[in-house]
Amino acid sequence: CCGADAEAKAQLLEVNSKEKMPAPDCANAESEAKLFEVNQKKLDAENAIGVLATLIAGFSLSLLPQLEVFSDKVLSDAGACSKCGFLSPATHSRMLLVCEYVHVIALVVVACASCFSVVVVTMIYFHGSKILAKRKGSRAKMLAEFDGFWDAVKGIRQFSRDAFLCAVPLFMLSIAASPKIWCNNCLLAGFAAAALASSGIGVFLLTRHFEACRQAGGQIGSAWPCFP
């Protein structure tokens, strides 16, 4: 009789404890899942910049060893470059010398800026992915850790993005100042340089505009529309 009463009391206590257990918070779990997806998209967006920066860095580094010096050949070898009807050989030589310096300096800056952007983006993507891939601890703790990491690297992310945005128009300028083009045909080189330089300035202004839109949350007083 006593054993039956003890068993009944145990079952009653078990039922009461189950009734007092809190129900799972479905709304909170759904919110955490959305934040997790948003954080992954943040990393993917940064990684997209890294992919383009890698391509530009590779192009600029591959062009540097191919530099040919034509400024000295114009005066020593009459057939080294095509003649510019409106320029004397001495003026043509000085112009090629300026193009050589602009071409090399622009390529070096582009390579350094792009490589810097690649390294920063790679490390951010790596560490961010490691945080989101943690198996220990709750998801809320993981999201809080990622937010702290993302805020901590805000400055370096902005600097890396600016370096990439400046590298694109500078790369166009380096191609416009290619001494080989100016050696082969001055007239066509002038048209190409004007088009590339204008496009480079337009690209720079456009990227600055969109960056200002992003910082302003899509609300900026300008004739150019902001992205949604």
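1. The model is predicted. The protein chain holds 8 helices and 0 strands. Read from the N terminus, its elements run α-α-α-α-α-α-α-α.

2. Burial and contact range. Of the 228 residues in the protein chain, 29% are buried.

3. Helix α4 against helix α6. Two packed helices are described by the angle between their axes and the distance between the axes. Helix α4 covers residues 89-132 and helix α6 covers residues 154-176. Their axes come within 8 Å and cross at roughly 150°. Angles over 145 degrees count as roughly antiparallel, and α4 and α6 are therefore roughly antiparallel to each other. The crossing of α4 past α6 is left-handed. By class, this contact of α4 with α6 has 18 nonpolar, 5 polar and 1 charged residues.

4. Helix α6 on its own. Buried residues in α6 are R157, S160, R161, A163, F164, L165, A167, P169, F171, M172, S174 and A176. Two arginines, R157 and R161, are in that list.

5. Helix α4 against helix α5. Helix α5 covers residues 139-152. The axes of α4 and α5 come within 9 Å and cross at roughly 165°. The two helices are therefore roughly antiparallel to each other. Here α4 passes α5 in a right-handed crossing, whereas α4 passes α6 in a left-handed one.

6. Residues joining α4 and α5. From α4 come I124, H127, G128, I131 and L132. They meet M142, E145, F146, F149 and W150 of α5. The residues of this contact divide into 7 nonpolar, 2 polar and 1 charged.

7. S117. This serine sits in helix α4. S117 has a relative accessible area of 0%, so it is buried. Leaving aside neighbours within four places in sequence, S117 is in contact with I49, A53, S160 and F164.

8. N39. This asparagine is found in helix α2, residues 26-63. Which side of the burial cut-off does N39 fall on, buried or exposed? Buried means under 20% relative accessible area. N39 has 3% relative accessibility, so it counts as buried. Beyond its neighbours within four places in sequence, N39 is in contact with L132, L143, F146 and D147. L132 and F146 also take part where α4 meets α5.

9. L63. Helix α2 also holds L63. With a relative accessible area of 25%, L63 is partly exposed. Its contacts, leaving aside neighbours within four places in sequence, are L107, F171 and I175. The C-alpha atoms of L63 and V104 are separated by 9.1 Å. Along the chain these two residues are 41 residues apart.

Methods:
Residues numbered from 1 in each chain as written. Predicted model: local features only at pLDDT ≥ 70, side-chain atom pairs only at ≥ 80, totals over all residues. Heavy atoms only, no water. Axes fitted to C-alpha atoms, helices over the stretch in contact; angles between N-to-C directions. Helix = DSSP H or I, 4+ residues; strand = E, 2+ residues; numbered from the N terminus. Parallel < 35°, antiparallel > 145°, perpendicular 65-115°, else oblique. Left-handed = near helix turned anticlockwise from the far one by under 90°. Nonpolar A, V, L, I, M, F, W, Y, C, P; charged D, E, K, R; others polar. Buried < 20%, exposed > 50% of the residue type's maximum accessible area, 1.4 Å probe, protein only. Contact = heavy atoms within 4.5 Å.
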